[in-house]
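This report goes through one protein model for a reader who has not seen it before. Please look over the sequence and the structure first.

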Amino acid sequence: MKKFYESKPAFFLIGATIFFLLLTLSEKKICVIAEVEGKSEIITSADAGQKISLTINFIHSVQKTPVVEELESDGEDFILLRTKYQSHGVGLPFSETDGEFRREGNFFVIDKMNRRIKNLSLRTGTGTQLCITFNGEEFKLYEKYKPGTEIKFRVLPVYKILFG
């Protein structure tokens, strides 16, 4: 009688299973993570192999006016494409080198910014009404997380998500 490991079909099946398991665990996901009381909580995720759109909406903490930032991910980094805001001030782009500037209704718009961002982190704040739209789904982070909560956007291999 043959032992299990001497059977070629069984050996092939085990090898193929291990190969596909390793392949799956090494795939990357774009994760939105909240840091709550020292623990990471995944808010949402998507496959890094697809084009991901991300919109960040908030009320500027100094000007008290709305800001909209539109980004996408190429599976490695986030790319800031466009910023829309209603008043000039601290932390907002203003230079011609930032992109193409125009006026759109009550908003100033800077298009074609193409700023690459490796690790994107935001924090909820008092009165800032931080919301994101990630791949078409809206998340009102200010309603769920207390002010000061760090929200991270990371490209991670599946094994890091599963095993910390």
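## Basis

This is a predicted model, in which local features need pLDDT of at least 70 and side-chain atom pairs count only at pLDDT 80 or more, while totals for chains, interfaces and linings use all residues. Residues are numbered from 1 along each chain as its sequence is written, and side-chain values use heavy atoms, with hydrogens and water left out.

## Overall make-up

The protein chain has three helices and twelve strands, taken as DSSP runs numbered from the N terminus (helices: H or I, at least four residues; strands: E, at least two). Of its 164 residues, 37% count as buried. Buried means under 20% relative accessible area, exposed over 50%, and partly exposed in between (1.4 Å probe, protein chains only).

Strands S3 (residues 52-59) and S4 (residues 66-73) run antiparallel and are joined by eight bridges; two strands pair if DSSP finds at least two bridges between them. Serine 53 stands opposite glutamate 72 in S4. Six residues lie between S3 and S4 in this hairpin.

S4 also pairs with strand S5 (residues 78-85), again in the antiparallel sense, over seven bridges. Here serine 73 has phenylalanine 78 in S5 as its bridge partner. Four residues separate S4 and S5 in the hairpin, and glycine 75 in the turn has a positive phi of about 95°.

## Core

The largest nonpolar core has 27 residues, and Leu54, Ile132, Phe134, Ile151 and Phe153 touch the most other members. Such a core is a set of buried Ala, Val, Leu, Ile, Met, Phe, Trp, Tyr and Cys residues joined through side-chain atoms within 4.5 Å. Not counting residues up to four places away in sequence, leucine 54 touches several residues, including Leu71, Phe78, Leu120, Ile132, Phe134 and Phe153; contact means heavy atoms within 4.5 Å.

## Helix H3

Tyrosine 159 is placed in helix H3 (residues 158-163). Tyrosine 159 counts as partly exposed because its relative accessibility is 40%.

## Positive phi angles

Most residues other than glycine have a negative phi. Glutamate 37, not a glycine, has a positive phi of about 50°. Glutamate 37 is found in the loop between strand S1 (28-36) and strand S2 (39-47), and counts as exposed because its relative accessibility is 72%.

Lysine 64 also has a positive phi, near 60°, and lies in the loop between S3 and S4. With 57% relative accessibility, lysine 64 counts as exposed.
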